[in-house]
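Let us read a structure together, one question at a time. Have the picture open and follow along.

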Amino acid sequence: MNKKANTFLFIIIATLFNIFVMLVLMVVFFTIPPILLRGQAYTKVMPYLMPILFLAAIVSTFFIYNLIMKYVSKKIDMEKYFHPIFKRRK
């Protein structure tokens, strides 16, 4: 495979992985409040807590993805296997 095909596959796989991690974190974050809060407190707090938990899942996914990408870029020479997505300005 050439560099462009490698880049395309890498972007597709990384995007799917990112979505998967975000979904897993959302499921985890949305299952914690019903365990901690019971009854009336849960129904009062959850509408305010849902956007916060959703944003927490997105931010956590960003940090996890960044850590993984830093690790991968240290282990693999990206320029050797992948085509540059953005060209440098002259």
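**A guided reading**

Q: Where is the place of Thr61?
A: Thr61 sits in helix H2. Keep in mind that we are looking at a predicted model.

Q: Is Thr61 buried or exposed?
A: A residue is called buried when its relative accessible area is under 20%. Thr61 has 4%, so Thr61 is buried.

Q: Which residues does Thr61 touch, leaving out those up to four places away in sequence?
A: To count as a contact, heavy atoms must lie within 4.5 Å. With those sequence neighbors set aside, Thr61 touches Asn18, Val21, Met22 and Leu25.

Q: What about Thr7: buried or exposed?
A: The place to look is helix H1, where Thr7 is found. Thr7 counts as buried because its relative accessibility is 9%. Apart from residues up to four places away in sequence, Thr7 touches Phe82, His83 and Ile85.

Q: Let me step back. How many helices and strands are there in the chain?
A: The chain has three helices and zero strands. Read from the N terminus, the order of elements is α-α-α.

Q: What does the radius of gyration say about the chain?
A: The idea is to set the chain's value beside that of a compact globule with its number of residues. For 90 residues, such a globule would come out near 12 Å, whereas this chain has 19 Å.

Q: How do I read contacts along the sequence, and what share of them join residues at least 24 apart?
A: Start with contacts between residues at least 6 apart in sequence; of these, 73% join residues at least 24 apart.

Q: What share of the chain is made up of buried residues?
A: Buried residues account for 16% of the 90 residues. As for the surface, the chain exposes about 7,700 Å², and carbon and sulfur atoms supply 73% of that area.

Q: Which residues form the largest nonpolar core?
A: Think of a core as buried nonpolar residues joined through their side chains. The largest one here has seven members: Val21, Leu25, Met26, Phe29, Met46, Leu53 and Ala57. H1 and H2 are the elements that give two or more residues to this core, and H1 provides the largest share, four residues. Take Met46 as an example: setting aside residues up to four places away in sequence, Met46 touches Phe30, Pro33 and Leu53.

Q: And which residues make the nonpolar surface patch?
A: A patch gathers residues with over 30% relative accessible area. In this model Phe17, Phe20, Val24, Val28, Ile32, Ile35, Leu36, Ile64 and Ile68 make a nonpolar patch of about 780 Å². Helix H1 (3–36) and helix H2 (40–75) each supply at least two of the patch residues, with the largest share, seven residues, coming from H1.

Q: Why does Val28 count as partly exposed?
A: Partly exposed is the range between buried, under 20%, and exposed, over 50%. Val28, a residue of helix H1, has 38% relative accessibility, so Val28 counts as partly exposed.

Q: Finally, is Lys70 buried or exposed?
A: Lys70 belongs to helix H2. Lys70 counts as exposed because its relative accessibility is 55%.

How values were computed: Residues are numbered from 1 along each chain as its sequence is written. This is a predicted model: local features need pLDDT of at least 70, side-chain atom pairs count only at pLDDT 80 or more; totals for chains, interfaces and linings use all residues. Side-chain values use heavy atoms; hydrogens and water are left out. Patches are made of residues with over 30% relative accessible area and no salt bridge: like charges are joined within 9 Å, nonpolar side chains (Val, Leu, Ile, Met, Phe, Trp, Tyr) within 5 Å. Accessible areas come from the Shrake-Rupley method with a 1.4 Å probe; for residues, only the protein chains shown count as cover. A salt bridge is a side-chain nitrogen of Lys or Arg within 4 Å of a carboxyl oxygen of Asp or Glu. Buried means under 20% relative accessible area, exposed over 50%, partly exposed in between (1.4 Å probe, protein chains only). A nonpolar core is a set of buried Ala, Val, Leu, Ile, Met, Phe, Trp, Tyr and Cys residues joined through side-chain atoms within 4.5 Å. The radius of gyration is taken over C-alpha atoms; the globule rule is 2.2 Å times the number of residues to the power 0.38.
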